[in-house]
Amino acid sequence: MKGTIMTLNKAFKDVYCKFLTEQGYQWCSKLQRFVKVVNQELIYFIGLKKVPAWLKGNKGFTITAGIMSVYFSKRADWTHGCTEDKLFKWAFDYTGLQLQMFSPTYEYGMGFEYNEPNMIEIVEKSAEITKELVLPVFAEVTDLTSYVKYAKEYTINILRMCDKFIDDSLVLILTNNHDDFMECLQKEKESEREFIKQCIEESYTTPRDRVYNNPELLKAALEEAEKCKKTNLEMLAKYKINI
């Protein structure tokens, strides 16, 4: 009787299960990710993504990880007519980051290469790097305020166009955020700062303030946030993820 063939997906699940389940993550087969819900507001997730390999005969993969809130809104023109399942899975794809984004030096940009004999060894190596790079970042994100800080550093686009209730921009309203996002400029060249400042105002602070300054829009934003939370928590339960 032949033994079970070890696939990359199974190797990933087996290796990562050893340390992620201890931290409260669950394996979700529908999402093909390990998922953890914190305080019924934040969703951590870690998954696997296959990528091309450079060396002939090898195969490649990278690790994707991310955080989003249960207030994540899937409002966009292209989403009309899409099922909740499709939109829920898309949200994880959209907010996930490849492993190199958590590295100050952007190492591991090409992912990991393996062949059949060393597959387990390489997956174990990726797990050690994930523990080193990703988990400490996640540990700092424990509430919506720290989540905004995380988003501004790693996934700032999800905070855009708050007045349109897009992505996770409603978190700015829920956290009573009034900062000017100017710390984002410190990483940019001085010659580009004026342009970036204008972009920040157009995409982030002006739409946010438009919600604050319009009672009807503010009411609608808070209602949308509660609607999204209800829908996303229901989807998590449907996917058998503890909340």
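In what follows, Ala, Val, Leu, Ile, Met, Phe, Trp, Tyr, Cys and Pro count as nonpolar, Asp, Glu, Lys and Arg as charged, and the others, Gly among them, as polar. The model is predicted, so that local features need pLDDT of at least 70 and side-chain atom pairs count only at pLDDT 80 or more, while totals for chains, interfaces and linings use all residues. Residues are numbered from 1 along each chain as its sequence is written, and side-chain values use heavy atoms, with hydrogens and water left out.

A search of the whole structure finds 1 cavity of 30 Å³ or more, a cavity being a set of points on a 1 Å grid over the protein atoms alone where a 1.4 Å probe fits but cannot get out; the volume, which is the space filled by probe spheres set on points joined across faces, edges and corners, is about 30 Å³ for the largest cavity. Its lining residues, those with an atom within 4 Å of a point, are I43, M68, S69, F72, K74, F88, A91 and N232, and by class they comprise 5 nonpolar, 2 polar and 1 charged residues.

Helix α7 (residues 215–238) has 24 residues, which at 1.5 Å a residue should span 34 Å, and its end C-alpha atoms are 35 Å apart, which agrees; the expected span is 1.5 Å times one less than the number of residues.

Methods: On a 1 Å grid over the protein atoms alone, a cavity is a set of points where a 1.4 Å probe fits but cannot get out, and a pocket is an open set with protein on both sides within 12 Å along at least five of seven lines; lining residues have an atom within 4 Å of a point. Helices (H or I, at least four residues) and strands (E, at least two) are DSSP runs, numbered from the N terminus.
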